There are 2 protein chains.
Amino acid sequence: MRAFSRDFQDDLRDLMRWRRDVRRFRADPVDEALLAEALGAFSLAPSVGLSEPWRLIRVDGAPARAAALANFEAANADALKGYSGDKAARYAGLKLSGMREAPVQLAVFSDEETDKGAGLGRATMPEMLRYSVVSALMLFWLAARARGLGVEWVSILHPDRLARDLDAPADWRLVAYLCIGWPEDNTETPELERLGWEDRAPRLEVLTR
Amino acid sequence: MRAFSRDFQDDLRDLMRWRRDVRRFRADPVDEALLAEALGAFSLAPSVGLSEPWRLIRVDGAPARAAALANFEAANADALKGYSGDKAARYAGLKLSGMREAPVQLAVFSDEETDKGAGLGRATMPEMLRYSVVSALMLFWLAARARGLGVEWVSILHPDRLARDLDAPADWRLVAYLCIGWPEDNTETPELERLGWEDRAPRLEVLTR
């Protein structure tokens, strides 16, 4: 089999450390060939029964962008109401979306009714279709970051409304909304950690049975 | 920021191509330090609101292994009943689990009630907790494969029954069951493709709105 060097293993760890959820993007456009290279990672992802259920809509036009941004702003305003005191002030101070700036924006769906794979592996866990889509977008995220591109996963959205506004087929379910572009700043530390929202766990715990 | 070379980008693509869902394992044990290195990737994963909801149970003891295997065998027998004719014969001929052989087996859960992250990013999409867990296990999968280890994701299981049999806390939801070990054979082609179950799509399609 193809072997990978210790240097590669170390670089891969660095890539994972530098991946980050990027919320601040420069206005520079993203080269289409570079984007296509990174998107190629989708097709290398595992999928349940080889169903390849990932479906992508690139959100480019002004009406689609406006609908997505309004969706985020409404969901974010609702979310703020769920906090009070210091936590509300902190939440209000967070920048939770790069949707105003990111040059490339992708809505990522799961095709919940795909025939591909003939149902294998998802009889007892139908969520495997969505999980396959998440697997694919993680590979894309790493491939993008290896090329210097930042990716943000926005989840403060009403998914059904966004699917309708983007005129997605009825069987598609929104899994993620991705903002993509050149990061304005770079850090190994998650923004939520730097701004005091939450800390990272000191270590991974594993129970044994 | 940390930059990554063209060689690294190419190697990363190779790693994704060679990742595979491995269902045939050699009996050789897995070195614990190597496994711990690969498991370190979990802590580098993105998680909604920095919630880090991944929870791991290592399935080691004979009773736990037997319960997991019986669970798979029951779910697999039920799944077979859903096919007929040629598709049933093909399904019956697939090896869909390495649970009898894999030296390391991990049940991966999402803590659905974690306070960590204070709910940020999951008010409208509570499934983000499970998606965070999938993100983390994908990083682990790549880190393992970069070290030559094969990983299999088994989803032909009754998740609630497995959680009970493993005495998992009530708020944990099973996301994946992973078999880990040294692959018996190595190929770039998914087993489901080689055995004629399903083909890979020729290319990724992206709609635009």
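Helix α5 (residues 128-146) of chain A and α1(B) cross in the left-handed sense, meaning that the near helix is turned anticlockwise from the far one by less than a right angle. The contact is made by A:Leu139, A:Leu142, A:Ala143 and A:Ala146 of α5(A), together with B:Phe8, B:Gln9, B:Leu12 and B:Met16 of α1(B); residues are in contact if their C-beta atoms, placed from the backbone, lie within 7 Å. Of these residues, seven are nonpolar, one is polar and none is charged. Here Ala, Val, Leu, Ile, Met, Phe, Trp, Tyr, Cys and Pro count as nonpolar, Asp, Glu, Lys and Arg as charged, and the others, Gly among them, as polar.

This is a predicted model, in which local features need pLDDT of at least 70 and side-chain atom pairs pLDDT 80 or more, while totals for chains, interfaces and linings use all residues. Residues are numbered from 1 along each chain as its sequence is written, and chains are lettered from A in the order in which they are written.

The whole contact takes 80 residues from chain A and 80 residues from chain B. On chain B, the elements that each supply at least two residues to the side touching chain A include α1 (6-18), β1 (54-58) and α3 (62-81). Helices (H or I, at least four residues) and strands (E, at least two) are DSSP runs, numbered from the N terminus. That side of chain B has 45 nonpolar, 15 polar and 20 charged residues.

Strand β5 (residues 206-208) of chain A pairs with β1(B) in the parallel sense over three bridges; pairing requires at least two bridges found by DSSP. In this pairing, A:Val206 stands opposite B:Leu56.

Note on methods
Contact = placed C-beta atoms within 7 Å.
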